[in-house]
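Trainee: I am new to this structure and would like a close look at a single part of it. Could you pick one residue and walk me through its surroundings?

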Amino acid sequence: MRPAANGVVSSIASLDTRTGEIKFATDRWFDLNGRYLGNKNPTQKGAYYNNGKKVIVK
């Protein structure tokens with residue numbers, strides 16, 4: 001994972017190395033570059049990640 005321009009690293013999930021389980025953060029929105037957008041639905045058209053899944057906003 002590369003840090004953003006401001007040096008902050010964000011993630012959309014965490015991995016439990018003991019069990020191999022992946023836990024996604026709930027209701028967190030990211031753009032396709034991995035920038036955190038907040039917990040509210042985006043208002044602009046485009047492709048985003050929400051709960052680890054790609055979402056198209058029309």
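Mentor: Happy to. Let us start with Tyr49, which touches Arg28, Trp29, Phe30, Asp31, Leu32 and Lys54, leaving aside residues up to four places away in sequence. Please keep in mind that this is a predicted model. Tyr49 lies in strand S5, and S5 covers residues 46-50. Is Tyr49 buried, partly exposed or exposed? With a relative accessibility of 30%, Tyr49 counts as partly exposed.

Now look to one side of Tyr49. Strand S3, made of residues 29-31, runs antiparallel to S5, and three bridges join the two. Which residue stands opposite Tyr49 here? That residue is Phe30. Along the chain, Tyr49 and Phe30 are 19 residues apart, yet their C-alpha atoms are separated by 5.1 Å. Phe30 is also among the residues that Tyr49 touches.

Next, turn to strand S6, residues 53-57, which is joined to S5 by five bridges and again runs antiparallel to it. In S6, Lys54 is the bridge partner of Tyr49, and Lys54 is another of the residues in contact with Tyr49. S5 and S6 form a hairpin with two residues between the strands. One detail to look for in this hairpin is Asn51, which takes a positive phi near 55°. Lys53 has its place in strand S6. Lys53 is exposed, because its relative accessible area is 60% and the cut-off for exposed is over 50%. The C-alpha atoms of Lys53 and Trp29 are separated by 9.9 Å, and the two residues are 24 places apart along the chain.

Four strands make up an open sheet in the order S4-S3-S5-S6, with antiparallel pairing. Its edge strands are S4 (36-38) and S6, each of which pairs on one side only. On average, neighbouring strands of this sheet are turned by 40° against each other, with direction ignored. In general, strands of a sheet pair through backbone hydrogen bonds, in a parallel or an antiparallel way.

Let us return to one of the contacts of Tyr49, namely Asp31. The side chain of Asp31 meets that of Arg35 in a salt bridge, at 2.6 Å from N to O. How many salt bridges does a search of the whole structure find? It finds one. What about the exposure of its two partners? Asp31 is buried, with a relative accessible area of 11%, whereas Arg35 is partly exposed at 48%.

Finally, here is a feature of the surface to look for. Leu15, Ile22 and Phe24 make a nonpolar surface patch of about 310 Å². One of these residues, Phe24, is found in strand S2, which spans residues 22-24. Phe24 is partly exposed, with a relative accessible area of 41%.

How values were computed: Residues numbered from 1 in each chain as written. Predicted model: local features only at pLDDT ≥ 70, side-chain atom pairs only at ≥ 80, totals over all residues. Heavy atoms only, no water. Salt bridge = Lys/Arg side-chain N within 4 Å of Asp/Glu carboxyl O. Buried < 20%, exposed > 50% of the residue type's maximum accessible area, 1.4 Å probe, protein only. Pairing = 2+ DSSP bridges. Patch = residues over 30% accessible without salt bridge, like charges linked within 9 Å, V, L, I, M, F, W, Y side chains within 5 Å. Areas by Shrake-Rupley, 256 points an atom, 1.4 Å probe, with all protein chains shown as cover. Axes fitted to C-alpha atoms, helices over the stretch in contact; angles between N-to-C directions. Contact = heavy atoms within 4.5 Å.
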